[in-house]
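Subject: Structure handover

Hello,

Here is the structure you are taking over. Please open it beside this email and follow along.

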Amino acid sequence: LIEKGLRQADRLPPLLATLSEGALPLVYTSPLQRSAETARRGVPGVEATVVDALAEYDYGAYEGLTAAEIDERQPGWNLFQDGCPGGESLQQVVARCDGFIAKLERTAAGRAAIVFTHGHLSRILTTRLVGLHPQAAAVLQNDTAAVGIISDKRGLYVITGWNIRAD
């Protein structure tokens with residue numbers, strides 16, 4: 001994390017404690033260092049379970065490129081439709097998300113769970129939780145260190161908060 005990211009992560013504990021209603025949450029994180037460090041800072045004193053399925057989308061040949069650079073190579077490219085050459089397809093990311101959701105439903109029943117992941121992956125994970133087509137992830141904007149809240153309402157997952165910032 002860069003300095004700004006560290007400051008953002010350090011502002012998360014009060015918000016996350018409020019959202020988990022004071023109960024000790026289950027915490028899951030991507031294996032990537034920026035997520036694991038955000039989890040450590042965001043929920044101090046709770047060890048996060050590292051879940052490989054929560055790693056960011058594998059961008060393959062597009063790793064490290066800006067959207068403008070990718071558009072030069074492939075005009076009209078849409079991650080949520082086209083996937084990434086040499087990287088993952090949308091279907092592969094969906095399979096990872098579905099596997100994590102199955103794990104979450106087995107291990108977190110009735111408990112607050114906080115999941116630290118990455119921009120595109122979190123958007124696809126959200127669509128899978130609430131029963132939308134994964135391409136709907138394109139309309140979910142989430143900023144760095146922003147929080148999305150998915151709640152179980154009578155057996156149906158619903159988005160009750162999105163892109164909430166602690167700053």
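Start with a term. Rings of Phe, Tyr and Trp form an aromatic pair if their centres lie within 6.5 Å, and planes over 60 degrees apart count as edge-to-face. The model is predicted, so keep that in mind throughout.

**Aromatic pairs**

How many aromatic pairs does the structure hold? It holds three. Two of them are described here.

Take Tyr28 and Phe100. Their ring centres are 5.4 Å apart and their planes stand at 80°, so this pair is edge-to-face. The two residues come from distant parts of the chain. Tyr28 sits in strand β1 (residues 26-29), while Phe100 sits in helix α6, 72 residues apart. Tyr28 and Phe100 are both buried.

Now look at Tyr62 and Trp77. Here the ring centres are 5.2 Å apart and the planes are at 80°, so this pair is edge-to-face too. Tyr62 is in the loop between β2 (49-50) and α4 (67-73), and Trp77 is in the loop between α4 and α5, so the pair ties together parts that are 15 residues apart in sequence. Tyr62 is buried, and Trp77 is buried as well.

**Pockets**

Tyr62 and Trp77 turn up again in the second largest pocket, where both are part of the lining. The volume of the second largest pocket is about 160 Å³.

The largest pocket has a volume of about 1,600 Å³. Its lining is made of 47 residues. Which residues lie nearest its centre? They are Ile114, Val115, Phe116, Val147 and Gly148. Several elements contribute: α1, α2 (12-19), α3, α6, β3, α7, β4 and β5 each supply at least two lining residues. β4 gives the most, with six. Sorted by class, the lining of the largest pocket has 23 nonpolar, 16 polar and eight charged residues.

**The cavity**

There is one cavity of 30 Å³ or more. The largest cavity has a volume of about 40 Å³. Its lining consists of Gln8, Arg11, Thr144, Ala145, Arg165, Ala166 and Asp167. Three of these lining residues are charged, two are polar and two are nonpolar.

**Helix α7**

Is helix α7 mostly covered or mostly uncovered? It is mostly covered. The helix spans residues 119-129, and eight of its eleven residues are buried. The buried ones are Leu121, Ser122, Arg123, Ile124, Leu125, Thr126, Thr127 and Leu129. What covers them includes two helices, α5 (79-82) and α6 (90-107). The strands β3 (113-116), β4 (147-153) and β5 (156-164) also belong to that cover. After α7 comes Gly131, with a positive phi near 80°.

Ser122 is worth a stop. Ser122 lies in α7. Its relative accessible area is 13%, and buried means under 20%, so Ser122 counts as buried. Setting aside neighbours within four places in sequence, Ser122 is in contact with Thr117 and Asn142. Pro75 is 47 residues from Ser122 along the chain, and their C-alpha atoms are separated by 25 Å.

**Helix α3**

Ser35 makes a second example. Ser35 is found in helix α3. Its relative accessible area is 3%, so by the under 20% cut-off Ser35 is buried. Not counting residues up to four places away in sequence, Ser35 touches Thr29, Ser30, Phe116, Thr117 and His118.

Helix α3 also packs against another helix. Two packed helices are described by the angle between their axes and the distance between the axes. The axes of α1 (residues 3-10) and α3 (residues 33-42) come within 8 Å. They cross at roughly 35°. From α1, the residues that meet α3 are Leu6, Ala9 and Asp10. From α3, they are Glu37, Thr38, Arg41 and Gly42. The residues of this contact divide into two nonpolar, two polar and three charged.

Best wishes

Technical notes
Residues are numbered from 1 along each chain as its sequence is written. This is a predicted model: local features need pLDDT of at least 70, side-chain atom pairs count only at pLDDT 80 or more; totals for chains, interfaces and linings use all residues. Side-chain values use heavy atoms; hydrogens and water are left out. On a 1 Å grid over the protein atoms alone, a cavity is a set of points where a 1.4 Å probe fits but cannot get out, and a pocket is an open set with protein on both sides within 12 Å along at least five of seven lines; lining residues have an atom within 4 Å of a point. Grid points are joined across faces, edges and corners, and a volume is the space filled by probe spheres set on the points. Ala, Val, Leu, Ile, Met, Phe, Trp, Tyr, Cys and Pro count as nonpolar, Asp, Glu, Lys and Arg as charged, and the others, Gly among them, as polar. Buried means under 20% relative accessible area, exposed over 50%, partly exposed in between (1.4 Å probe, protein chains only). Helices (H or I, at least four residues) and strands (E, at least two) are DSSP runs, numbered from the N terminus. Contact means heavy atoms within 4.5 Å. Rings of Phe, Tyr and Trp (its six-membered ring) pair if their centres lie within 6.5 Å; planes under 30 degrees apart count as stacked, over 60 as edge-to-face and the rest as tilted. Axes are lines fitted to C-alpha atoms, for helices over the stretch in contact, and angles run from 0 to 180 degrees between N-to-C directions.
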